[in-house]
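Thanks for asking me to look this over with you.

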Amino acid sequence: MNRLQKFGPLLGLIVVFTLFALLRPKHFPRADNLEIMMLQTTVVGIGALGMTAVIVSGGIDLSVGSVIALATVVVATLLNRGWSPLSAAGGGVVAGMICGTISGLLITRLRLAPFIVTLGLWGALRGAAKGLANEQMIVAPGTWLNQLLTALPDDRRWMLVPPGVWLLAVLAVLMAAVLRYTRFGRHVFAIGSNEQTARLCGVPVERQKLFVYMLGAGLAGLAGVLQFSYLTVGDPTTATGMELDIIAAVVIGGASLAGGEGTILGSIVGALIMTVVSNGCTKMEFPNWVQEIVTGGIIITAVALDRFRHRRET
């Protein structure tokens with residue numbers, strides 16, 4: 001991995017942040033706005049942790065937005081049935097892992113393309129979320145889950161950032177260690193680099209792919225728990241299009257859609273870049289369509305640079 005690929009996303013984040021800080025010095029770099037941007041990054045960031053492993057393995061998962069919506073509904077439903085907040089949150093994560101298991105089995109056992117499988121589940125899981133919620137938002141009793149992604153009150157300023165942001169930081173460190181130092185992580189990179197070679201070297205490709213999709217969807221389920229915390233309701237229509245934000249964060253962070261390349265730090269930086277651009281455009285009072293064009297242009301540029309680099313290497 002050359003230096004431009006390794007530090008390019010971080011340099012891009014610094015440039016974008018500095019640009020908006022200079023254009024809106026009284027509004028953009030304020031402490032309260034920085035806290036808002038961290039909160040806005042958390043859900044996409046946790047989803048991007050799992051998506052990094054999926055993309056590094058040479059796959060893709062278009063169903064994560066629907067998994068997030070389903071998880072919010074599951075958490076709200078379980079809370080209304082008297083489950084403890086921790087058990088309800090665990091139920092949301094387990095629901096995500098079940099979805100990932102279905103994806104992984106269809107991909108590994110039936111040899112179906114990940115794009116087709118997860119595109120189908122994108123619609124099916126969204127429908128399941130709407131059916132479980134009876135096509136309406138589910139209001140749940142207030143618990144400590146609602147405080148994971150809210151601005152810190154004065155008596156908890158010692159935490160520096162909300163609990164959900166700390167959770168993202170801890171999980172990012174753990175995921176980075178897993179991909180870098182464990183046999184599972186080495187297998188993920190090997191499969192993404194050359195699946196046939198990995199198979200010949202004794203890597204249990206099907207089993208590892210199944211674990212990758214379970215992990216990715218499980219983290220999407222956890223992102224759904226945080227989305228519930230942000231919304232305070234179970235909403236089957238939430239996170240529409242968020243799968244594209246999550247994939248974009250990973251790609252902007254330097255991962256290759258061809259597989260075999262990607263870092264957790266890069267994905268987090270990619271998520272931050274998207275948040276900074278969105279927030280900065282809002283502070284500049286740009287209409288939504290301008291923000292969408294800018295974000296789309298950043299994604300296309302990131303993919304184009306990746307393709308150009310691969311052509312030079314070959």
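How many aromatic pairs does a search of the whole structure find? The search finds two. Please keep in mind throughout that this is a predicted model.

1. **The aromatic pairs.** F17 and F28 form a tilted pair, with 5.1 Å from centre to centre and 55° between the planes. This pair links distant parts of the chain, since F17 sits in helix 1 (residues 3-23) while F28 is in the loop between helix 1 and helix 2, 11 residues apart. F20 and F28 make a tilted pair too, because their ring centres are 5.7 Å apart and their planes lie at 40°. Together, ring pairs link F17, F20 and F28 into a cluster.

2. Is F28 buried or exposed? F28 counts as buried, because its relative accessibility is 0%. F20 is buried as well, with a relative accessible area of 9%. F17 is partly exposed, at 27%.

3. **The nonpolar core.** The largest nonpolar core has 83 residues, and those touching the most other members are I46, L49, M51, I68, L145 and I246. Helix 2 (residues 31-56) supplies the largest share of this core, with 12 residues.

4. **Helix 2 against helix 10.** These two helices pack at an angle of about 65°, and their axes are 8 Å apart. The crossing is right-handed. Which residues meet here? From helix 2 come V43, V44, G47, A48, M51, T52 and I55, and from helix 10 come M242, D245, I246, I247, A249 and V250. M51 and I246 take part in this contact, and both are also listed among the core residues that touch the most other members.

5. S57 lies in the loop between helix 2 and helix 3. S57 counts as buried, because its relative accessibility is 6%. Leaving aside neighbours within four places in sequence, S57 is in contact with V188, I191, G192 and V212.

6. **Helix 3.** This helix has 17 residues and reaches 24 Å from its first C-alpha to its last, close to the 24 Å expected at 1.5 Å a residue. How many of its residues are buried? The count is 16 of 17, so helix 3 is mostly covered. G82 follows helix 3 and has a positive phi, near 95°.

7. **Helix 5.** Helix 5 (residues 114-132) has 19 residues and a reach of 26 Å from first C-alpha to last, close to the 27 Å expected at 1.5 Å a residue. Its buried residues are V117, T118, L121, L125, R126 and A129. An α-helix has 3.6 residues a turn, so residues three or four places apart point the same way. What covers the buried residues of helix 5? The cover includes helix 3 (64-80), helix 4 (85-109) and helix 9 (205-231). Just after helix 5, N134 takes a positive phi of about 55°.

8. **Two more backbone angles to check.** Most residues other than glycine have a negative phi. T232 is not a glycine, yet has a positive phi of about 65°. T232 is found in the loop between helix 9 and strand 2 (233-234), and is partly exposed, with a relative accessible area of 36%. A239 also has a positive phi of about 65° without being a glycine. A239 is in the loop between strand 2 and helix 10 (242-252), and is buried, at 9% relative accessible area.

9. **G234, in strand 2.** G234 has its place in strand 2. G234 counts as buried, because its relative accessibility is 0%. The C-alpha atoms of G234 and M137 are separated by 5.5 Å, although the two residues are 97 residues apart along the chain. Which residues does G234 touch? Not counting those up to four places away in sequence, G234 touches T72, V73, A76, Q136, M137, I138 and F228.

Notes
Residues are numbered from 1 along each chain as its sequence is written. This is a predicted model: local features need pLDDT of at least 70, side-chain atom pairs count only at pLDDT 80 or more; totals for chains, interfaces and linings use all residues. Side-chain values use heavy atoms; hydrogens and water are left out. Helices (H or I, at least four residues) and strands (E, at least two) are DSSP runs, numbered from the N terminus. The expected span of a helix is 1.5 Å times one less than its number of residues. Buried means under 20% relative accessible area, exposed over 50%, partly exposed in between (1.4 Å probe, protein chains only). Contact means heavy atoms within 4.5 Å. A nonpolar core is a set of buried Ala, Val, Leu, Ile, Met, Phe, Trp, Tyr and Cys residues joined through side-chain atoms within 4.5 Å. Rings of Phe, Tyr and Trp (its six-membered ring) pair if their centres lie within 6.5 Å; planes under 30 degrees apart count as stacked, over 60 as edge-to-face and the rest as tilted. Axes are lines fitted to C-alpha atoms, for helices over the stretch in contact, and angles run from 0 to 180 degrees between N-to-C directions. A crossing is left-handed if the near helix is turned anticlockwise from the far one by less than a right angle, and right-handed if clockwise.
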